[in-house]
2 protein chains.
Amino acid sequence: MKEYIVHHEWKVIEDGFHPDYNRVSESLFSLGNGHTGQRANFEEKYSGDSLPGNYVAGVYYPDKTLVGWWKNGYPEYFAKILNAANWIGIRVEIEGEELDLATARVHAFRRELDMKDALLTRSFTAELPSGKQVEVLARRFLSMKDKALGAIRYNIKSLNFSAPVKITSFIDGDVKNEDSNYDEKFWMELEKKASDQEAYLLMETKKSGFHVCHGIGTRLLKNGKNLSAAGPKVDREKYLANTFVVNLQEGEELLIEKFAAINSSLYISRNELMSETEKSVQKAMAAGFDQLFAEHSKCWEEKWEAADIRIEGDVAAQQGIRFNIFQLMQTYTGDDERLNIGPKGFTGEKYGGVTYWDTEAYCLPFFLGTAPQRVAQNLLIYRHKHLQKAIENAQKLGFENGAALYPMVTINGEECHNEWEITFEEIHRNGAIAYAIYNYINYTGDREYLAPYGFEVLLALSRFWAQRVNWSDVKQAYVILGVTGPNEYENNVNNNFHTNNMAVWTLKYTLEVIDYLKKEQPYLWEELVNKWKFNEVQETTNWKEIIENMYFPYDKELDIYLQQDGFLDKEIIPAAHLNPTERPINQHWSWDRILRSCYIKQADTLQSLYWFQEDYDTETLRRHFDFYEPITVHESSLSSCIHAILAARIGREEKAYEMYLRTARLDLDDYNNDTEDGLHITSMGGTWMAFVEAFGGIRVVNGQLHLNPFLPKSWKGYAFRLNFRDSHLEISMANELTIINHHPGTLTLSIWGEEHILNGNHKLEVEIKQTL
Amino acid sequence: MKEYIVHHEWKVIEDGFHPDYNRVSESLFSLGNGHTGQRANFEEKYSGDSLPGNYVAGVYYPDKTLVGWWKNGYPEYFAKILNAANWIGIRVEIEGEELDLATARVHAFRRELDMKDALLTRSFTAELPSGKQVEVLARRFLSMKDKALGAIRYNIKSLNFSAPVKITSFIDGDVKNEDSNYDEKFWMELEKKASDQEAYLLMETKKSGFHVCHGIGTRLLKNGKNLSAAGPKVDREKYLANTFVVNLQEGEELLIEKFAAINSSLYISRNELMSETEKSVQKAMAAGFDQLFAEHSKCWEEKWEAADIRIEGDVAAQQGIRFNIFQLMQTYTGDDERLNIGPKGFTGEKYGGVTYWDTEAYCLPFFLGTAPQRVAQNLLIYRHKHLQKAIENAQKLGFENGAALYPMVTINGEECHNEWEITFEEIHRNGAIAYAIYNYINYTGDREYLAPYGFEVLLALSRFWAQRVNWSDVKQAYVILGVTGPNEYENNVNNNFHTNNMAVWTLKYTLEVIDYLKKEQPYLWEELVNKWKFNEVQETTNWKEIIENMYFPYDKELDIYLQQDGFLDKEIIPAAHLNPTERPINQHWSWDRILRSCYIKQADTLQSLYWFQEDYDTETLRRHFDFYEPITVHESSLSSCIHAILAARIGREEKAYEMYLRTARLDLDDYNNDTEDGLHITSMGGTWMAFVEAFGGIRVVNGQLHLNPFLPKSWKGYAFRLNFRDSHLEISMANELTIINHHPGTLTLSIWGEEHILNGNHKLEVEIKQTL
C-alpha cells in the first residue's frame, strides 16, 4: 500500500518526485480516449525505471504460447495488446547535455491529472550535472473529440544559462512488449516520410497484419513567435525525428507544441493511412493546442454531466470514485463493437488479451447507467460477433450441435489463456454472458435486441449447458463435474453452485426468450429456427428435464447452498484467524494449500445470490453472507463490490462501507502492490456498481427502477447520475433524498418500497427513512 | 505401432535401413553400463534425422523452469540429465567426399544389438554420390567391467576404388540438449590436450559445476599392421580430433580401433580427472578391443545367469522379456546410491529429472529378485540421502516438525516438476517410498536396515500424513483433500482411496517399526528419538486416532471402494465403447473432458489392492477388477503390469496374458509411437513383475516365498531365475514345475498353497495343478 497521491476532489496529484514509484505513477496518470491510450511516460529522456506504454485499440499480436506442459486443446497463440510506437518523445539537449530526470537534480516536481478535462500536467525545475537549470511545464492530452489526435505543449525555460538547445521530436516504433514470451519485437516498418516539421511512420504488426500510421507535427515558439529552426532529420529503422536548434538566453522560454495523429487499419484502409494521417496532423497544427483542448474539454464536460458522482465530506472517497469513473470513460467509449474493456485498459500490458467475463459482470452496469444505450449494446454485440468462434472453441473441447463456449480471455474471439483449470473449466463465464443479455434488456427494455442478436447467443449457450451436464445415478439428478467457479481458489470441483445455477438459469431464460419470440416475432422466429437447425421440441424438452432435475449442493443444518460438493469437508476457519504475515495467501501459500483451504478469492455462491437477489428473502441472503464472507479473502479486485452490495442489502452498513472503500481507492493507494503493472480497469466498474447499488440501493425489478438509498455515517451527502430508459436522473442524498429527472419522460419508480411518480424535468423530494 | 524389428531370441535386429525410424532405432539399440550410456547414433557423419545422445550418470544441469503461469511453490530450476560429449565420432572422407548414409545409396544395412553380451554391430555397403563403394562393419560396446570405458572397432573396405581416405576421430563437447528450455548450451571447456593418437577434453557443466573428462585413443590397422598415418590435429572450442590419412587400394580393408574413457567428478577429483582418463585410455589401447570385450562379455554372462527368463515357443515374447531385462541391467547397476533409474534411462532426454515413484513401485522388485541385496538397498538409500531436502520441500508447502514430501521428479532431492496438480498433489509417491522399505525388508529380511535408514524416512513420511489429513465434521472422519492419485486423469480430488490407504498403512507400518526398534534396538531407538525430537506418546496417539478414523470412499451397492469422492457421479461407460479414432484419449480429448470422464490412465484403486492383496479375498479383488479394469485405458506404460498380476490372481488367464503382452513389447513395437524419445525403462521393471508375479505367481508373505505359477496356453514352457534370501532359484514350468536351488541354503516355500522344503543345491519337481 502506498499513500503518496495527494487527495483532491478532481485531480490526481503527485507532489514531489517519487522515482521509486515511477511505474505506479505512470499507471495512475495514464491517458486514454477509447481508441488510443498511454502510460504517463515522460516526453524527455528518462533513464530511470519505466514501463513505456502506448496502445492502439484493437491492434494485437498473437504471441506464441508459453507453457511448461502442453495440454491438448490449449491455444497455440496468446493475443496481446501491443506496445505501439512512442510518439510523445521530445529530447532536450543543452550544449550536448541531455535533460534526464534520472540524472538531474529535480525540484518542485508536480504531476497532475485533471480528471475534469483529462489533461496531464507535469512541472519541475531540473539542474543538469553541469549546473544548468531549466524550468519545465509539460501538458498533454488525447483528444476525446477527434480520437486520432494527441497534443503536447512543452515549455522549457532557462533559469541560469545562455546556450544552444537542441530539441529532437520523434516517433519511435522500435519498441517491444515487456511481456513478449520469446523476447520478439512485433512491429515491421512499411513506409515513412518526413518534412522539416512533420514525420510519418507506417508500420505493420507481424502475423496479425494490422497497419498503424503515426504522424507528428512539431513547432517551436520563442517569445510567442514561431521559429523556423529545423535541423537535420533523423531516419533509422522504425524511427523518425525532426530536430530543432535554438539559442536560448537566460530567462527565455521555449515553447514546443507537438501534435500527433494515430490511425489504424481498423478504421482507414492501408492505402489511405499515410495521407489521412498527414491531413490530421496538418489540421491539428492549424487548429493549435488551445482550440483542440477546448473541443476535447467540452466532450469531457458532457461525459461528466452524465456520469459524475459527488461525495460531500470525504475527499479521499470523492477522488476515488471519480478516478474509477474517469478511467472507465477513458478506456471504453462504446463507438466500436469490435473493442472491449481490458483488465488493464490502456494502462499496461499485463494479462494480455482484452476481454474477460469482467466486462459482462462488472462493467456493463456502469455503461448502462451512464452512457447512451448503444454503448452497452455494443458490449453485447462484441460477443455476438464472436459467436462462431465460440462454437468452434466448444467443438475443440468435444461439444457439438452449435454449442458455444466463449473464451476465458480473448481479443478476437479466440482463446488466449492456457491454464486447463481456467481455460477449460471456468465455464461460468458462459453464464455471465447470458446474464448480460438479460441485464441489458431488463434495464433498457430493448427486447428488439433478441431476434437479431440475443437469441442466437442464448441458444448456443443453452446447447452448451445441455451437453455439459451429465446424469448422476447416485444423486438421481443432473450434475456438472470438473469446473472452476468464480472463486479460483478452487479448481476442478463438482457441482459448483454458481455454475449449476447459471446453467439452469440460462436454460430457463432461453425458454422465456423463445416464448417471447414465437409470440411477438413469429416470422423472425421461423428464420432463426431454420438458421440454427433448432429442434425445438427435442431440445427444449431436454432443457426442461435438466431445469427440473439439476442438483444443487446444499447443507440442511446450515440451511445454505454449498459452494461445491464436499465443501464442508474442509476446516472452516475465519480468515481473520490467518497469520497476517501470510496474507495475501496467494503470495505465501503453495497452490495445493490454497485449494484445500476454505478461503475464497472472490464472491462465488454470493455472486449468484447477488444476481438473483429477488429470488431470496433477506434472511436467506444473510445466512449465506454470514457463512461465506468471513472466509473470503478478497484477493481478487472483483470481490469487494459484490460484498458491499449484499452487505447493504442485508442491513450491514459498516461492512458495506468497508467493502466499498477496499475497491474505490485500490489503485490510488496501490492496495495490492501491483498498480505498477497497470490499473484494475474492470474492477472500477465494480466500484461504480458498489456505489450505486449499495449506497443508492438501485435495482431494476421487472423493468421498474427501485431505490433503497442510505448515507454512510461519515459522509455529509452524495449525488449520482443515472440514465434509466427515457429518464436521466440526478439522485442526491443529504438531509433528504432528492431526485431530479433531467429528461422529459415520466417515470414510475419505487423508493424504499413505495411507488412514486416523477414527471419529466421535475424534482422529487423524499424524507429519509433509515432502512439499514 | 511399428513392427520392423526382426524377432530373435537374443538379438534386436534392424534388417535394411529405415531412415524414417532412425530415432526409434537409436533408442532401441542404446547401450549403457550404469555409469554412462548412449543412443545408437552412427560413428560416421549422418545428416539425416537423429537425436544425438550421450549421457553420464549423475551429471545434471538445473535448467531454468519453463512455465506459462507461475504458482507459488514451483521450483525455479528443473534438473536435466545432460547430453554429454560425443566421443564415438569417426568421420570418413574419401578423396574429400564424406561418407554419410543420408546421401549415399545404402545396401545390406543391418543393425544388431546382441543382448547376451551388449554388443552393437552395424554393417552395410554404401555407394557415395561419386560412385565409390565401401563396405563397413562397426562394432561398439560400453564396458560392463570397467565402467569408464567404451570401445569401437570400425572396419571399412574399398569395393571399387583406390584413393586416399581421411579418418577424423573426434570428441565433440559442443553439444546441446534438444529439450533445453531456453536453447542454451550447458557445457564449458576447461582444458584439453591431444597427441597423435589421443585426445582429452575436460569440461564443466554450467551452474551445477560437474567436471567430466572424455579421452579417446584411436589407431588404424591395414592388413593387420598398425599404421602411423597421423595427420594434423583439429582443435576448436569444446572439440578435439585426431586425423589420419591412408591410401586404400580396391579390395583393401582399413580397421579403426577407438577407445574412450569417460570420467566424472562423481568419482575422481577434478585435479586428477585428466591424468586418470589418460591412464584409462592408454590401458585400453594396450589391452585392445578383443580383450576388453572378453572381460565385458564375462560380466554380462554373470548378469544373465542371475536374471534370465526363457520362454519356449514364442520368439516375440522371448525377445520382449529379454529386452526389458537387458535394458534394466544396462541402466542401473546399483553400485552407487547417488544414482537412480530415469524413466528413459540413458536412451533419451525426455522428462528430465531421473527419479519418479516408478523406481519404488515398479523397479525395486526386479533388483530384489535378480541382483545382490545391496543393489535394492542402494535404491532405498538414495531416498534416505534426500530426506533433508524432502523435509525442506514439505516446509515450502507449509508442513512442519520434520514432515517430508519427496519430490515427484528429482535428481538431487530437489523437485524438478511444475504442474501444481502433480508437483503438489500427487502425494501418494510418499506412500510408494514407505512401501518400498516394507517391500525390501519383507523380501530380504534385512531389518537391520531400519535403525540407520528406514525409520527416519518412515517417521518423516508419517509426520507428513498426520499433517496432511484434516477432520471432516460432516463425515466424522479424517479426510485427505485435494490430491492426484496414480490415475493422473483425475486431478485435485478428495479422498483418493489409494492415497488415503497409503497414508493409513504408512502410519501403521511406522508404528510396527517403532515397536520393533524399541524392543530389539533400544539404545539406537533412544538416539533416534532424540535426533528427531520424536514426541512418541503425542505423535503416535495422533496417528492411531487417524488410523482408526480415516475415511474411505465406498459404495455399498457395488461393494467396492471408490477411487475418490463422487466417482459414481460420472457416467460409467466401458472404454471398449470409445470411438477407436479418439484413442489414446490424451491425444484427442481436451483435459477437462478427460478429467470428467470415468477413464483411468493407470491402476489406482487397483494399485492398492495389488500391494495389499493378502488383505482381500479373491471375490473382493474380482469385484474391484471388474469395475475398474473396463474403464481403464492404460495410457500409462505402468498400468498393464498391475492388471496382468491381478488378472492372474483372480483367475483371468487370458486377460493376464493380454496385459502382459502390452507391456513386454511396448518399445520393440513402438506401441505408443514415442520410442523415438527414448525407451520406457521404468515400465520394464513392471514387465518383469508381470512375468514373475502373474505367470510365476510369486508373492512373499510374512517372509515366506509363495509360488502359484501357470503356463499361458500359447507357450510350451518358461523358466526364470530368482534370488530369495540365501537361495538362488531356477524355476521352470513346462510339463511339470521344476525348481532348482543353486545355492547351499535350505528354503521352505509354498507352492500352490502347499508347503515344500527345498534343500540347497537340490531340485524339486512338482506336478502341475491348473489353478487358474
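**Exercise 1. A hairpin in chain B**

Determine how many bridges join strand E32 to strand E33 of chain B, and in which sense the two strands run.

*Solution.* In this predicted model, strand E32 (residues 747–751) and strand E33 (residues 754–758) of chain B run antiparallel and are joined by 5 bridges. Within that pairing, Ser750(B) stands opposite Glu755(B) of E33(B). The hairpin that E32(B) and E33(B) form has 2 residues between the strands, and Trp752(B) takes a positive phi near 45 degrees there.

**Exercise 2. The contact of chains A and B**

Describe the side of chain B that touches chain A, by its elements and by its residue classes.

*Solution.* Begin with the totals: chain A brings 42 residues to the contact, and chain B brings 42 residues. Next, turn to the elements of chain B, where strand E23 (470–472) and helix H13 (591–596) each supply at least two residues of the side that touches chain A. H13(B) gives the most to this side, with 5 residues. Finally, sorted by class, the side of chain B that touches chain A holds 16 polar, 13 nonpolar and 13 charged residues.

**Exercise 3. Two of the annotated positions in chain A**

*Solution.* The UniProt record, an unreviewed entry, lists Trp357(A), Asp358(A), Lys601(A) and Gln602(A) under "binding site". Trp357(A) is placed in the loop between helix H3 (315–331) and helix H4 (358–370) of chain A. Once its neighbours within four places in sequence are set aside, Trp357(A) is in contact with Arg429(A) and Ala432(A).

Lys601(A), for its part, is found in the loop between helix H13 (591–596) and helix H14 (605–611) of chain A.

**Exercise 4. The faces of helix H15**

Which residues of helix H15 (residues 618–628) of chain A are buried, and why can they be said to line one face of the helix?

*Solution.* The buried residues of H15(A) are His624(A), Phe625(A), Phe627(A) and Tyr628(A). Viewed down the helix axis, the buried residues of H15(A) fall within an arc of 165 degrees, so they line one face. Their packing partners in chain A are strand E26 (560–561), H14 and helix H16 (640–649). The face of H15(A) turned away from the buried side carries Thr618(A) and Glu619(A), which are exposed.

**Exercise 5. The surroundings of His498(A)**

*Solution.* Because His498(A) has 24 C-beta neighbours inside 10 Å, it counts as buried. As for Phe78(A), 420 residues apart from His498(A) along the chain, the C-alpha atoms of the two are separated by 28 Å.

Technical notes
Residues are numbered from 1 along each chain as its sequence is written. Chains are lettered from A and ligands numbered from 1 in the order in which they are written. This is a predicted model: local features need pLDDT of at least 70, side-chain atom pairs count only at pLDDT 80 or more; totals for chains, interfaces and linings use all residues. UniProt positions are given in the numbering used here, feature names are shortened, and annotations may be inferred rather than shown by experiment. Helices (H or I, at least four residues) and strands (E, at least two) are DSSP runs, numbered from the N terminus. Two residues are in contact if their C-beta atoms, placed from the backbone, lie within 7 Å. A residue is buried if 20 or more other C-beta atoms lie within 10 Å of its own, exposed if 12 or fewer, and partly exposed in between; C-beta atoms are placed from the backbone. The arc is that of the directions from the helix axis to the C-beta atoms. Ala, Val, Leu, Ile, Met, Phe, Trp, Tyr, Cys and Pro count as nonpolar, Asp, Glu, Lys and Arg as charged, and the others, Gly among them, as polar. Two strands pair if DSSP finds at least two bridges between them.
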